[in-house]
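Reader: I'd like to learn how to read a fold from its coordinates. Can we take one chain and go through it feature by feature?

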Amino acid sequence: MAVRVGVLGATGAVGQRLIQLLDPHPDFEIAALTASESSAGKTYREAAKWRVDSPIPDDVADTTVTATDPDEVPDDVDLLFSSLPSSIGAEVEPPFCEAGYVVSSNSSNGRMDDDIPLVIPEVNADHIDLLEVQRDRRGWDGAMVKNPNCSTITFVPTLAALADYGLEKVHVSTLQAVSGAGYDGVSSMEIIDNAIPYIGSEEEKLETESRKLLGDFDGASLSLNGMAVSASCNRIPTIDGHLENVWVETAEDLTTDEAAAAMSEYPSLDLRSSPDPLIHVFDEPDRPQPRMDRTLGDGMAIAAGGLQESPFGLQFNCLAHNTIRGAAGASVLNGELLLENGYL
């Protein structure tokens with residue numbers, strides 16, 4: 001029997017992508033859609049300016065949108081996927097957890113809280129049990145799990161594949177697609193024939209979230225990974241797909257062949273949205289490229305290439321689809337992990 005789920009912030013770009021992924025999902029049934037007060041009471045077709053690259057699902061289009069309030073969501077909904085702006089998420093997500101709902105959230109609020117699991121299932125699935133600490137501490141009947149920032153998701157799986165060599169220093173420079181800023185986030189006059197070498201608060205997210213994701217959880221508390229991470233974040237005029245240039249210094253010697261093997265052999269999970277292979281490693285020096293490689297593994301795979309040795313350690317490029325693997329798909333995958341581990 002499918003788990004009844006809802007989408008908080010259903011009319012936005014990530015909310016629409018969530019609906020695209022959830023509608024055909026065999027384990028989840030969309031039973032509630034929420035948005036702002038201005039959208040409440042309208043059908044989803046009326047409230048959402050549908051921009052996803054597939055038709056709006058018929059059974060969703062006629063669903064009535066409600067306000068984003070625990071009192072407006074049916075009690076038999078077990079799991080909520082949140083794509084709310086972080087300022088709103090910080091206000092409304094905790095009341096949903098207090099009311100008994102489990103929330104799989106893409107919003108950035110609370111990601112670094114020491115009792116909120118920040119999870120990429122293929123990397124740190126065991127961190128999901130931090131929910132027990134969270135419930136004891138906060139007295140919630142529900143729970144909250146977060147997926148990381150879209151640019152963090154892109155390079156952390158490649159680091160996880162190299163962790164046995166001892167991660168010491170990581171430098172990453174991102175080339176991020178405009179969809180990461182939302183539909184109205186970057187104007188055409190800003191980005192066409194241009195690149196913007198600054199994305200507010202993005203560098204800090206890469207530098208802190210990566211250390212939490214690769215940290216150790218002992219069943220009671222989580223310690224951050226000791227590697228040093230520095231990031232430079234740039235917006236470029238691609239629509240989807242974050243491309244990143246990475247330099248990694250390791251405690252043990254690491255050849256390009258060893259790195260390629262570690263990445264290509266890094267295990268996937270037996271979850272519906274986890275691709276196999278998780279990391280696709282290209283031999284070609286000019287791959288991966290956003291337009292050509294962002295949809296690998298139905299948009300859930302990580303692509304890597306350009307592996308070479310440098311004075312600053314191993315150098316390579318990596319790529320992920322930022323609104324699928326980096327946002328909506330990551331939340332859905334965390335929902336599958338919650339179901340697999342008996343939290344629903």
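This is a predicted model: local features need pLDDT of at least 70, side-chain atom pairs count only at pLDDT 80 or more; totals for chains, interfaces and linings use all residues.

Reader: Okay, how many helices and strands are in the chain?

Author: Helices (H or I, at least four residues) and strands (E, at least two) are DSSP runs, numbered from the N terminus. Here you get 12 helices and 14 strands.

Reader: What does the radius of gyration say about the chain?

Author: Take it over C-alpha atoms, and compare with the globule rule, 2.2 Å times the number of residues to the power 0.38. For 344 residues a compact globule would come out near 20 Å, and the chain's 19 Å agrees with that. The C-alpha trace spans about 60 × 50 × 35 Å along its principal axes.

Reader: And how much of the chain is buried?

Author: Buried means under 20% relative accessible area, exposed over 50%, partly exposed in between (1.4 Å probe, protein chains only). Buried residues are 54% of the 344.

Reader: Which residues of helix α6 are buried?

Author: First the general idea: an α-helix has 3.6 residues a turn, so residues three or four places apart point the same way. In α6 (residues 130-138), the buried ones are Leu130, Leu131, Val133 and Gln134. Down the axis of α6 they fall within an arc of 155 degrees, so they line one face of the helix; the arc is that of the directions from the helix axis to the C-beta atoms. Their cover includes β6, β8 (216-217), β9 (222-223) and α12 (324-340). After α6 comes Gly139, with a positive phi near 70 degrees.

Reader: Where is Asn147, and what does Asn147 touch?

Author: Look in the loop between β6 (143-146) and α7 (150-162). Asn147 counts as buried because its relative accessibility is 0%. Contact means heavy atoms within 4.5 Å. Not counting residues up to four places away in sequence, Asn147 touches several residues, including Arg111, Ile153 and Asn334.

Reader: Is Phe155 buried or exposed?

Author: Phe155, in helix α7, is buried, at 0% relative accessible area. Leaving aside neighbours within four places in sequence, its contacts include Val170, Leu206, Glu244 and Cys318.

Terms used. Residues are numbered from 1 along each chain as its sequence is written. Side-chain values use heavy atoms; hydrogens and water are left out.
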